[in-house]
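Me: I want to learn to read a structure feature by feature. Please take me through one, general idea before the case.

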Amino acid sequence: MSAPRTQYARSGDVHLAYQVIGEGPRDIVLVLDWASHLEALWEQPLVAEFISSLNRFARVIWFDMRGVGLSDRVVDAAVSAEDWLEDVSAVMDASGSERATIVAHGHAVQLAVLFAATHPERLDSLVLINGFARLLRSDDYPAGMPTEARDSVLAGIETNWGTGRLATVLAPSVASQPGVKDWYGRVERYAASPGTALAKMRAISELDVRNVLPLVAAPTLVVHNRDDWFIRAGHGRYLAEHIAGAHLLERDSADHWPIGDADLLGAIEEFVVGSRSEDTDVDRFLATVLFVDVAGSTERVSEIGDRSWDALLGRFETIVGRVLSDHRGELVNTAGDGVLATFDGPARGIRCAWSLRDSLKQTGLEVRSGIHTGELTRRNGGVAGIAVHIGARVSALAEPGEVLVTRTVRDLVAGSGIVFEDRGEHALKGVADRWALYAARG
């Protein structure tokens, strides 16, 4: 699944960045913990897979909280409850959602509880993941984080913000994988400055929504990882005990991030929908993915103007449709000047990429292409899986006019007469190991 277009909703004087992913019979409003940046988060396949799995049974709407990520920065990091309630409503209104399930993670759980108690008419249900009603420990809240532990977190932000080292605390199961810390460091830098991050954590330490819990009437699923060091399991138990009828799902994991395996995502689907999809209902298949995007599109728009660019994109889409048909390719989606297509064989995908390159060059457009072969999952008319993310990363590394492929593709077309030039090994953002890449010549 490729990243969707970022849009903006107006909440008072603040612009909130949000995205709408796919379609479905119901809506999910997804709010991850506050260290968020919609577009940088898409770089991590684990996050993309979590979202695409939710999209299997619902339209997903997610946004960056005010003050962080792509949303407007605010002077005071302590966002009021009233602001939060207006923000959720503004995003739902902008995306055309009347009612939704809120899936909230971390600090967003506090805010989701407030929304559920205040606007029950807009809520179908709640899914609260590794969250809390109050962060700090007190005499009447022994589940909370000790003050010295909070101070240690603040010191870690002061020293390490932007490096990604906090991933070892937030996601120990994956933090050692190649590229994960670099990716999370980028998320931190894009989400907030160190000063904003410190102010945000101090403000979260002061927020207490325990008195609101008995007012939540929506069906609620509380999910908590037993060994989450950052937010201990006692927080989740407290939420489940004080929200009427809430169901508690404790998982054997030390991660704070909502890293979803099939059991977790199946449990969420069963709670939201009433039943869980069987594995046999998921269409898994081997395919070759081709990513194509126009090189230098920003400069070209400036050169010829918006109207001429729109006309050129119309020709681009016509040529893409014709060439894909000639090579038995299946168009998955287009995003402005980009294309994702699948093929039942890698040689056909390579030859299609060559043909697209040559045909589009006659219109004055130069494109770069990336190709990989792997297992895909078909969902809601689109495709998902690690192979999609690898293909996108390979395309991003290609030079204008180049068709860049992985070793998997090269090996599968042995004997086809296609010639390859070694482009060395590369780290692909969010993907483990280093990948040998080759330019397909023809």
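Me: Leaving aside its neighbours within four places in sequence, which residues is S369 in contact with?
Reply: Contact means heavy atoms within 4.5 Å. Beyond four places in sequence, S369 contacts L290, F291, V292, A353, S395, A398, E402, V403 and L404. Some ground rules: this is a predicted model, where local features need pLDDT of at least 70 and side-chain atom pairs count only at pLDDT 80 or more, while totals for chains, interfaces and linings use all residues. Residues are numbered from 1 along each chain as its sequence is written, and side-chain values use heavy atoms, with hydrogens and water left out.

Me: Where is S369 found, and is S369 buried or exposed?
Reply: S369 sits in strand β12, residues 367-379. Helices (H or I, at least four residues) and strands (E, at least two) are DSSP runs, numbered from the N terminus. Buried means under 20% relative accessible area, exposed over 50%, partly exposed in between (1.4 Å probe, protein chains only). S369 has a relative accessible area of 2%, so the residue is buried.

Me: Next, cores. Which residues have the most contacts inside the largest nonpolar core?
Reply: A nonpolar core is a set of buried Ala, Val, Leu, Ile, Met, Phe, Trp, Tyr and Cys residues joined through side-chain atoms within 4.5 Å. The largest one here has 100 residues, and W34, W62, W257 and I268 have the most contacts inside it. Helix α4 (residues 108-118) gives the most to this core: eight residues. A second, separate core has 33 residues, including V292, F316, V323 and V413.

Me: What is W62 in contact with, leaving aside neighbours within four places in sequence?
Reply: Beyond those neighbours, W62 contacts A17, Y18, Q19, I21, L30, L32, L38, L41, W42, V47 and I51.

Me: Take F63 now. Where is the place of F63, and what is F63 in contact with?
Reply: F63 belongs to strand β4, residues 59-63. F63 counts as buried because its relative accessibility is 2%. Outside four places in sequence, the contacts of F63 are A17, Y18, V29, L30, V31, L38, W84, V88 and V91. F63 and V91 are 28 residues apart in sequence, yet 7.7 Å apart in space, C-alpha to C-alpha.

Me: And loops? Is S95 buried or exposed?
Reply: S95 is in the loop between α3 (81-94) and β5. Its relative accessibility is 11%, so S95 counts as buried. Not counting residues up to four places away in sequence, S95 touches Y18, V20, R59 and I61. S95 and A9 are 86 residues apart in sequence and 8.5 Å apart in space, C-alpha to C-alpha.

Me: How do I check the span of helix α10?
Reply: The expected span is 1.5 Å times one less than the number of residues. Helix α10 (residues 262-273) has twelve residues and should span 16 Å; its end C-alpha atoms are 16 Å apart, so the two agree. Buried in α10 are L264, L265, G266, A267, I268, E269 and V272. Their cover includes α2 (45-54), β5 (100-105), β6 (123-129), β7 (220-225) and β8 (247-251). Just after α10, G274 takes a positive phi of about 110°.

Me: What does the check give for helix α8?
Reply: The 13 residues of α8 (residues 194-206) should span 18 Å, and the end C-alpha atoms are 19 Å apart, which agrees. In α8, the buried residues are A197, L198, K200, M201, A203, I204 and S205. What covers them includes α4 and α5.

Me: At what angle do α12 and α13 pack?
Reply: Axes are lines fitted to C-alpha atoms, for helices over the stretch in contact, and angles run from 0 to 180 degrees between N-to-C directions. Helix α12 (residues 306-326) and helix α13 (residues 346-361) pack at about 150°, their axes 10 Å apart. From α12, the contact uses F316, I319, V320, R322, V323 and L324; from α13, C352, S355, L356, S359 and L360. Ala, Val, Leu, Ile, Met, Phe, Trp, Tyr, Cys and Pro count as nonpolar, Asp, Glu, Lys and Arg as charged, and the others, Gly among them, as polar. By class, the contact has eight nonpolar, two polar and one charged residues.

Me: Last, phi. What phi does N130 have, and what phi does R328 have?
Reply: Most residues other than glycine have a negative phi. N130 is not a glycine, but its phi is positive, about 45°. N130 lies in the loop between β6 and α5 (147-160), and is buried at a relative accessible area of 1%. R328, also not a glycine, has a positive phi of about 55°. R328 lies in the loop between α12 and β10 (330-334), and is exposed, with a relative accessible area of 56%.
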